Amino acid sequence: MSKIYKLLIIDDSALVRNILAKGLAQDPEIEVVATAKDPYDARDKILQYHPDVLTLDVEMPRMDGVEFLRRLLPQYPIPVVMVSALTEKGKTITLDALDAGAIDFVTKPSYGVASGLNDMLNELAIKVKMAAKIDVSHMKKIAHHKTTPINPTALAVSTDKVIAIGASTGGTEAIRAVITRFPRNMSGVVIVQHMPAGFTKMFSKRMDEICQMEVKEAQSGDRVMNGRVLIAPGGYHMELVRSGGIYKVVCRESGENVCGHKPSVEVLFRSVAKHAGANAVGVMLTGMGHDGADGMVEMRNAGARTMAQDEETSVVFGMPKEAYVRGGAEKLVPLDDIPREIIKQLTSMK
């Protein structure tokens with residue numbers, strides 16, 4: 001098979017550049033056309049090699065990855081996958097990078113370069129090939145979303161309704177676009193966003209600062225209640241349970257990955273189908289793969305109202321497409337219309 005995707009690797013460490021180049025070159029579809037030691041070197045090599053996709057180190061001297069993205073993408077709309085450190089600074093910059101237009105990220109192994117290297121390289125290869133197919137210039141058109149909360153008088157307040165949301169690639173921005181428009185008294189929300197441990201906590205804190213609802217990384221026993229958004233912690237499956245007349249979540253570190261993920265949308269949606277049934281609204285946002293598609297079918301069969309983000313506004317129309325094609329999602333909805341559609345469905349429930 002001839003190489004399909006031209007890749008430029010940007011990292012200030014010569015050792016890491018060499019490891020990434022050798023590892024990713026093993027993929028029959030990826031051609032590593034060049035490596036660069038910093039954003040200034042990268043700019044010249046972008047002009048020389050015209051890569052289809054970049055991998056970009058988060059923490060670099062002279063100019064960090066976020067600043068580079070903000071300068072690069074307006075001039076050269078090239079898909080970027082970030083390579084993130086697990087430091088607090090690394091997590092912060094990674095979330096900033098996703099805000100600035102990076103497609104996705106992988107984390108460097110925790111204990112030295114050798115530990116977990118093969119897993120990281122495999123994940124990076126998958127994400128590089130996925131990112132290379134995305135039209136970043138199209139992403140710029142859908143990046144500006146409404147953020148004004150919907151008037152709470154439009155909402156029929158109910159304490160026994162649950163909104164379940166699943167997302168992956170491009171999901172941090174899509175989730176922001178949805179939950180920032182929820183009024184303070186919105187029905188309880190449970191979310192699975194594919195993201196490693198540590199990142200979900202920081203993402204939750206960021207959302208809490210800009211939303212009318214309380215947003216927190218979920219812990220076992222947390223109550224699902226009006227005015228609260230619970231985001232599944234990275235590395236844990238999150239399930240909805242009913243205890244008497246109230247809903248709670250259970251977060252479990254044990255158990256295998258489901259649909260390749262932990263947390264898994266599938267696990268959440270199946271539990272919502274079982275315990276909330278017709279009292280739930282299910283939403284599938286942008287993401288690669290099919291996690292949660294069958295779970296959404298179960299939700300719909302249990303009487304829940306369901307929807308998925310449409311192709312035009314999705315960064316990756318994988319999970320929403322599968323949810324729709326398999327019969328889980330009743331309809332495809334543009335991202336900006338999803339908050340009002342959720343409220344419409346909640347209001348129509350008995």
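Reader: Does helix 1 pass helix 5 in a left-handed or right-handed crossing?
Author: This is a predicted model, where local features need pLDDT of at least 70, side-chain atom pairs count only at pLDDT 80 or more, and totals for chains, interfaces and linings use all residues. Numbering runs from 1 along each chain as written, and side-chain values use heavy atoms, without hydrogens and water. Helices are DSSP runs (H or I, at least four residues; strands are E, at least two), numbered from the N terminus. With the near helix turned clockwise from the far one by less than a right angle, the crossing of helix 1 and helix 5 is right-handed.

Reader: Which residues of helix 5 meet helix 1?
Author: Contact means heavy atoms within 4.5 Å. Helix 1 brings I19, L20, G23 and L24. By class, this contact has eight nonpolar, one polar and no charged residues. The helix 5 side is L117, M120, L121, L124 and A125.

Reader: Which strands stand at the edges of the sheet?
Author: Five strands form an open, parallel sheet in the order 2-1-3-4-5. Pairing takes at least two DSSP bridges. Each edge strand has a single partner, so one side is left without a neighbour: these are strand 2 (30-36) and strand 5 (104-107).

Reader: What stands opposite I10 in strand 3?
Author: Strand 1 (residues 5-10) and strand 3 (residues 53-57) pair in the parallel sense over four bridges. Opposite I10 stands L56.

Conventions. Nonpolar A, V, L, I, M, F, W, Y, C, P; charged D, E, K, R; others polar.
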